[in-house]
Amino acid sequence: MFVQFQATGDGCRTSVFLDGDSQATGGIADRLVGFRGAQFGTPDDWDTPATGYVARVLARCKVSVSVPTQDATSVSVLESMACGLPVVATQLQANAQWLPVDSLVPAQDSHALAQKLAALAHDDAAAHAAGQRNAQRIQQEGDRAVQMDRMDALYRGLLQRPVTGIVSR
């Protein structure tokens with residue numbers, strides 16, 4: 001399920017893009033239904049990665065939020081970093097491997113999440129700097145070519161080492 005939520009009110013336009021089922025998104029979509037001015041839609045071209053829909057959505061965003069309660073590297077975190085967005089994520093080991101401590105919030109702590117989002121919303125320079133750091137980190141360490149070159153070097157290094165300690169039974 002991919003849900004796009006847009007709302008306007010008090011001179012502010014907010015768009016929220018949720019990727020995942022209701023349980024995975026903490027039921028957020030279900031709770032937004034009654035919000036004044038809410039509109040929901042499912043993009044027709046979401047199922048076709050070649051359309052570049054995700055990249056176009058991320059290009060319009062100011063911040064990316066990933067708040068799972070279980071530890072795994074989220075593809076959306078890496079995609080958002082590659083697009084130069086600041087990312088706010090839960091304090092999980094996988095997120096801590098990619099993001100600085102000041103980008104992390106405790107799991108299920110909506111107050112801490114709201115504070116981080118408000119800080120980024122009110123400080124364009126800090127949000128931009130965080131996004132640039134994220135993009136640079138992905139270019140240096142997360143790019144597929146960089147990862148594959150590193151694995152190739154590791155395998156070649158293993159092949160050049162003498163085989164020792166083999167015990168036959």
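Residues are numbered from 1 along each chain as its sequence is written, and side-chain values use heavy atoms, with hydrogens and water left out. Because the model is predicted, local features need pLDDT of at least 70 and side-chain atom pairs count only at pLDDT 80 or more, while totals for chains, interfaces and linings use all residues.

**View 1. Here's S64, sitting in strand β4 (residues 64-66).** Strands are DSSP runs of E with at least two residues, and helices are runs of H or I with at least four, both numbered from the N terminus. S64 has a relative accessible area of 9%, so it counts as buried (under 20%, using a 1.4 Å probe and protein chains only). Skipping neighbours within four places in sequence, S64 touches S76, S80, L85, P86, V87 and V88; contact here means heavy atoms within 4.5 Å.

**View 2. Helices α6 and α7 (residues 144-160) pack with their axes 6 Å apart, at an angle of about 30 degrees.** That makes α6 roughly parallel to α7 (angles under 35 degrees count as roughly parallel). Axes are lines fitted to C-alpha atoms over the stretch in contact, and angles run from 0 to 180 degrees between N-to-C directions. On the α6 side, the contact uses Q139, Q140, E141 and G142, and α7 brings R144, V146 and Q147.

**View 3. Now for α6 (124-142) again, as one of the elements lining the second largest pocket.** A pocket is an open set of points on a 1 Å grid over the protein atoms alone, where a 1.4 Å probe fits, with protein on both sides within 12 Å along at least five of seven lines; lining residues have an atom within 4 Å of a point. Of the 14 lining residues, D102, S103, L120, A126 and A130 lie nearest the centre. The largest share, 4 residues, comes from α6.

Methods:
Buried means under 20% relative accessible area, exposed over 50%, partly exposed in between (1.4 Å probe, protein chains only). Angles under 35 degrees count as roughly parallel, over 145 as roughly antiparallel, 65 to 115 as roughly perpendicular and the rest as oblique.
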